[in-house]
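Here's a quick briefing to read alongside the coordinates.

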Amino acid sequence: MNNSLPLCWPTRNGLPSFAVVISFVVVSSLLAWAAPIAEIDPLRLVASIPRLLSFLGNILVMPDVEYLPELLRKMLETIEMTLLATSIALVISLPLGFLAAKNTSPHPVVFHVTRSLLSFMRALPELVWALVFVSAVGLGPLPGVMALSFVTVGFMGKFFAESIEVVDAKPIEGVEAHGAGWLQVRTYAYLPQAMPDFIGSTLYILDHNLRAAAILGLVGAGGVGYDMVMAMRLFDYDRILGIALGIYLIVALLDRLSGHFRARVI
């Protein structure tokens, strides 16, 4: 018996619908129109391959062993910045998420004000906020933690609010029917249902913050980013490879840990 199925569109005649064809043509035309604006040129990309290979060839050298203790210290500082910023943002984002959700916000004005605040906080990247905080508190990891926390609250609050808005209404009605108060309903009805999305969003943001913390050193906000930029400017290729490997190992380890944690909790 041949179990192979013919490749065809899931319609009666097996062909894409007219709307799908028109949408494809319109989107493709828009992308083709926008490509020159972004300077996307296939010939230019092909011509750059030799220079790219030459650069990669320079990087693939023996790492600077004497730099390893300093690299470990910088990586530890980057991890500490990530954990601190994510923890601070988590504490602030949870109540903001309830205020920014349509079904839990106490008033429409509070809902719109909180949503606008979250949009403002994530409007600019961490690097820009790091410049602001460096000018306020000086160089070091502190402005990096402040910048990461500030932007993370904007994203995490939005994710939490959207998770709360899609919870099932029946368990909430059941808790309310037993005379539960405002805080009890949110603690025992909304929060347990939204918890899997909360955990998933938090682990994703933790991963993102680690990579973001690695580049905040560009503006003197701590982390391993400053060493990476200086190594590239001074053509210290033996240090670039070590820094890149260090960031990769930490991201890969965090990914495995988050996957293990999700499998046990969600």
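Predicted model: local features only at pLDDT ≥ 70, side-chain atom pairs only at ≥ 80, totals over all residues.

**Helix α4**
- Helix α4 runs over residues 68–100, and its 33 residues should span 48 Å at 1.5 Å a residue. The end C-alpha atoms sit 45 Å apart, which agrees.
- There's a bend of about 35° in α4 at serine 93, and proline 95 follows within four residues.

**Nonpolar cores**
- The largest nonpolar core holds 21 residues, and Val153, Ile164, Ile172, Tyr190 and Phe198 have the most contacts inside it.
- Two or more residues of this core come from each of α4, α5 (108–121), α7 (141–165) and α9 (182–213). The top contributor is α9, with seven residues.
- Leaving aside residues up to four places away in sequence, valine 153 touches Ala89, Ile92, Ser93, Leu96, Leu118 and Met121.
- Another core, of 15 residues, lies apart from the largest one, and Trp129, Leu148, Val151 and Ala221 are among its members.

**Aromatic pairs**
- A search of the whole structure turns up nine aromatic pairs.
- One of them joins phenylalanine 120 and tryptophan 129 edge-to-face, at 5.8 Å centre to centre with 75° between the planes. The geometry counts as edge-to-face because the angle is over 60 degrees.

Technical notes: Residues numbered from 1 in each chain as written. Heavy atoms only, no water. Expected span 1.5 Å × (residues − 1). Bend = angle between axes of the 7 residues up to and from the residue. Core = buried A, V, L, I, M, F, W, Y, C linked by side-chain atoms within 4.5 Å. Buried < 20%, exposed > 50% of the residue type's maximum accessible area, 1.4 Å probe, protein only. Contact = heavy atoms within 4.5 Å. Phe/Tyr/Trp six-rings, centres within 6.5 Å; stacked < 30°, edge-to-face > 60°.
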